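This report walks through the structure shown below, beginning with a database annotation and moving on to domains, sheets, cores and backbone details.

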Protein chains: 2
Amino acid sequence: MNMKSRSHPPVLVVMTQQEKHEFMPPDLEARLRALFPELVWADAPLRDDQWRELLSEQRPEIILCAWETPSLPPEAAEHLKYLCFLCGSIRSLVPRELIESGLKVTNWGSSVSNTVAECTLLLILAALRRVGNWSVAMRTKGEWKKGRHPDTLSLFGRRVGLHGLGAISCELVRLLEPFRVQISAYSPSVPDETYKTLNVRRAESLEDLFSTSDVLVELAPGKPDNYHIVGDDLINLLPENAVFVNVGRGMVVDEQALVRASRERGLHIALDVYEVEPLPVDSPLRSLDNITLLPHLGGPTPDRRRDCGKLALQNLENYVSDKPLINLIDLNTYDRAT
Amino acid sequence: MNMKSRSHPPVLVVMTQQEKHEFMPPDLEARLRALFPELVWADAPLRDDQWRELLSEQRPEIILCAWETPSLPPEAAEHLKYLCFLCGSIRSLVPRELIESGLKVTNWGSSVSNTVAECTLLLILAALRRVGNWSVAMRTKGEWKKGRHPDTLSLFGRRVGLHGLGAISCELVRLLEPFRVQISAYSPSVPDETYKTLNVRRAESLEDLFSTSDVLVELAPGKPDNYHIVGDDLINLLPENAVFVNVGRGMVVDEQALVRASRERGLHIALDVYEVEPLPVDSPLRSLDNITLLPHLGGPTPDRRRDCGKLALQNLENYVSDKPLINLIDLNTYDRAT
């Protein structure tokens with residue numbers, strides 16, 4: 001490959017107007033067009049046949065796209081070398097065989113960790129102050145607190161347990177810093193050095209983590225091994241007055257066990273993710289007394305999606321200058337993704 | 001006064017079992033009893049006649065008490081020198097004339113600032129992610145988000161405006177630090193030095209503050225000058241997509257103007273305080289679309305009331321050793337209190 005083709009590879013950009021508005025606002029679009037003056041920009045959504053036709057016409061070496069892009073056909077392997085995906089879940093977009101045959105794929109990766117961590121802090125504080133309850137009681141039942149001793153708790157000085165110690169947990173540790181909490185985490189594959197840098201205690205087991213956490217935060221990856229790993233046994237180890245927050249993957253937690261702990265032990269719960277999404281209308285979670293529910297809003301709020309666009313630009317620049325790609329998805333990551 | 005009477009002044013402690021449990025748990029009670037081995041402990045609540053009888057019998061130089069204590073009769077001035085109040089609002093407990101005649105009074109003061117700041121951060125994040133709405137929609141209407149572009153915002157990088165720059169604002173600035181926000185404040189009486197130390201911009205006027213704040217936090221004191229100082233004119237200066245949070249005093253804000261801004265401009269609101277408390281059942285605030293409501297829970301959560309007890313002990317130690325009292329309430333503070 002000579003320098004010219006390297007610096008002017010065929011590039012195809014596919015996104016809806018809304019996706020462009022959020023991920024690639026004018027300043028970022030200008031940088032993108034400066035990098036690839038000859039790029040082809042196609043408006044999504046596209047029908048599957050339009051998509052195949054576009055691919056066979058353009059034969060792009062690089063694709064930059066977001067949610068509203070159809071699956072890649074296997075024959076894209078003939079020309080496509082790098083898929084720069086602006087969003088998270090790539091499994092419906094990219095068949096595994098394309099990664100096996102060497103396609104480079106990156107996604108929003110760590111660029112969204114801070115907004116997910118922000119949502120986590122929100123749900124922690126909301127669970128402690130019973131915001132889900134008060135929202136319903138104040139807005140739909142005309143209620144007010146009874147007396148001067150409400151059933152609320154502060155985060156200051158509490159013990160926080162993180163099940164999972166990836167990029168989101170690292171951002172969360174930063175947000176928790178002013179609250180002077182004691183943080184433990186369970187994530188066997190993470191080296192001691194990371195725990196030390198973050199000033200986080202390594203829990204010896206999930207049992208250790210759950211039994212010593214006033215605030216338990218679920219951030220474990222959604223890999224098959226973790227299916228329902230959090231059930232009655234672990235949940236019942238939580239100390240009195242503990243709160244339970246899940247912002248990771250719904251499949252990690254047995255929701256029926258949560259429902260039992262809420263009804264029988266008064267566990268306070270705050271959830272952004274669920275075993276089945278959208279959460280079924282008749283889910284018993286919706287009718288618990290002490291729960292704050294969000295409809296999987298943890299991921300980047302629309303106003304911060306430009307951070308994903310910036311990361312994508314960095315990766316595109318890295319690609320053309322033969323530097324390593326950030327958040328490159330290997331087969332291991334692919335198999336763990338949801 | 002000789003040293004003996006100075007170190008063993010007559011001390012009367014009045015509180016309910018619940019108040020004792022929260023404000024003066026065993027470790028603090030032990031410190032209190034070590035300081036004043038001869039103290040008299042009376043269980044609240046007390047009827048007014050029991051209270052007067054107790055006072056005339058014990059003639060305490062120092063009283064330590066909490067909410068469930070009747071008003072002090074003016075004749076307490078004959079013996080009482082220091083009222084160490086474990087809670088906040090002292091106006092129903094202490095007639096102004098007692099302070100005029102030299103009674104020293106302290107309250108929980110700055111020891112509660114961090115939990116109020118915590119509640120403020122919670123309401124900021126809740127307003128940005130529309131938690132009040134989602135709580136009602138998920139729990140009572142079986143709803144889920146529509147599409148990938150929800151009407152939510154992140155706090156990262158936003159402009160935060162503080163109306164008021166007292167102890168709570170100072171704690172809030174600490175909690176906001178990891179969010180890399182740009183903070184402005186309007187509080188004319190606060191010296192430039194404080195703004196500089198906190199890295200907060202001094203807004204030139206309330207108009208300046210409101211027109212440059214994506215997140216407007218009301219923390220202005222509830223003095224008569226501030227009655228309804230925030231009305232249509234200021235609220236309409238808020239930028240598009242701004243959120244409005246009040247954790248200070250309800251009387252500062254014209255609630256009808258908030259209702260209009262919510263209905264006509266889609267302003268997102270989060271409130272912990274109201275013009276009339278308890279908030280009337282038929283308040284139009286309860287039926288707005290985009291609002292998160294708490295029933296005045298900002299003050300110290302029960303688990304942090306021991307911080308107020310610790311401050312009280314510090315003050316009692318200061319009193320017997322002739323050191324300055326922390327959060328001493330002068331006539332100016334008394335007149336501004338609610």
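This is a predicted model: local features need pLDDT of at least 70, side-chain atom pairs count only at pLDDT 80 or more; totals for chains, interfaces and linings use all residues.

The domain assignment, for its part, divides chain A into domain 1 (3–108 + 302–336) and domain 2 (112–293). Taken over C-alpha atoms, the centres of domain 1 and domain 2 of chain A are separated by 34 Å, and the contact involves four residues from domain 1 of chain A and five residues from domain 2 of chain A.

Within chain A, helix 8 (residues 167–176) has seven of its 10 residues buried, so this helix is largely enclosed by the rest of the structure. The buried residues are S169(A), C170(A), E171(A), L172(A), V173(A), L175(A) and L176(A), and what covers them includes helix 6 (113–129), strand 6 (159–163), strand 7 (182–186), helix 9 (192–198) and strand 9 (215–218) of chain A.

In chain B, five strands form an open sheet with parallel pairing, in the order 2-1-3-4-5. Strand 2 (40–43) and strand 5 (104–106) of chain B stand at the edges with a single partner strand each, which means that one side of each is left without a neighbour in the sheet. On average, and with direction ignored, neighbouring strands of this sheet are turned by 15 degrees against each other. Strand 4 (residues 82–85) of chain B is joined to strand 5 of chain B by three bridges, the two running parallel, and Y82(B) has K104(B) in strand 5 as its bridge partner. Across strand 3 (62–65), strand 4 and strand 5 of chain B lies helix 13 (residues 305–320) of chain B, which runs at about 165 degrees to strand 4.

Elsewhere in chain B, strand 6 (residues 159–163) is mostly covered, with four of its five residues buried. Strand 6 of chain B pairs with strand 7 (residues 182–186) of chain B over five bridges in the parallel sense, and H163(B) has Y186(B) in strand 7 as its bridge partner.

Which residues touch the most other members of the largest nonpolar core? In this core of 140 residues, they are L121(A), L155(A), F244(A), L121(B), L155(B) and F244(B). Leaving aside its neighbours within four places in sequence, L121(B) is in contact with L121(A), L125(A) and F179(A), and also with L155(B), L172(B), L175(B), L176(B) and F179(B). Another core, of 53 residues, lies apart from the largest one and has L12(A), V14(A), W67(A) and Y82(A) among its members.

| Site | Backbone feature | Value |
|---|---|---|
| A44(A) and P45(A) | cis peptide bond | omega about -5 degrees |
| E277(A) to P278(A) | cis peptide bond | omega near -5 degrees |
| R180(A) | positive phi, not glycine | phi near 50 degrees |
| N327(B) | positive phi, not glycine | phi about 65 degrees |

P45(A) lies in the loop between strand 2 (40–43) and helix 4 of chain A, while P278(A) is in the loop between strand 11 (268–271) and strand 12 (291–293) of chain A. R180(A), in the loop between helix 8 and strand 7 of chain A, is exposed, with a relative accessible area of 53%. N327(B), found in the loop between helix 13 and helix 14 (331–336) of chain B, is partly exposed, with a relative accessible area of 24%.

Notes: Residues are numbered from 1 along each chain as its sequence is written. Chains are lettered from A and ligands numbered from 1 in the order in which they are written. Side-chain values use heavy atoms; hydrogens and water are left out. Two strands pair if DSSP finds at least two bridges between them. Axes are lines fitted to C-alpha atoms, for helices over the stretch in contact, and angles run from 0 to 180 degrees between N-to-C directions. Contact means heavy atoms within 4.5 Å. A nonpolar core is a set of buried Ala, Val, Leu, Ile, Met, Phe, Trp, Tyr and Cys residues joined through side-chain atoms within 4.5 Å. Buried means under 20% relative accessible area, exposed over 50%, partly exposed in between (1.4 Å probe, protein chains only). Domain bounds come from an automatic or database domain assignment.
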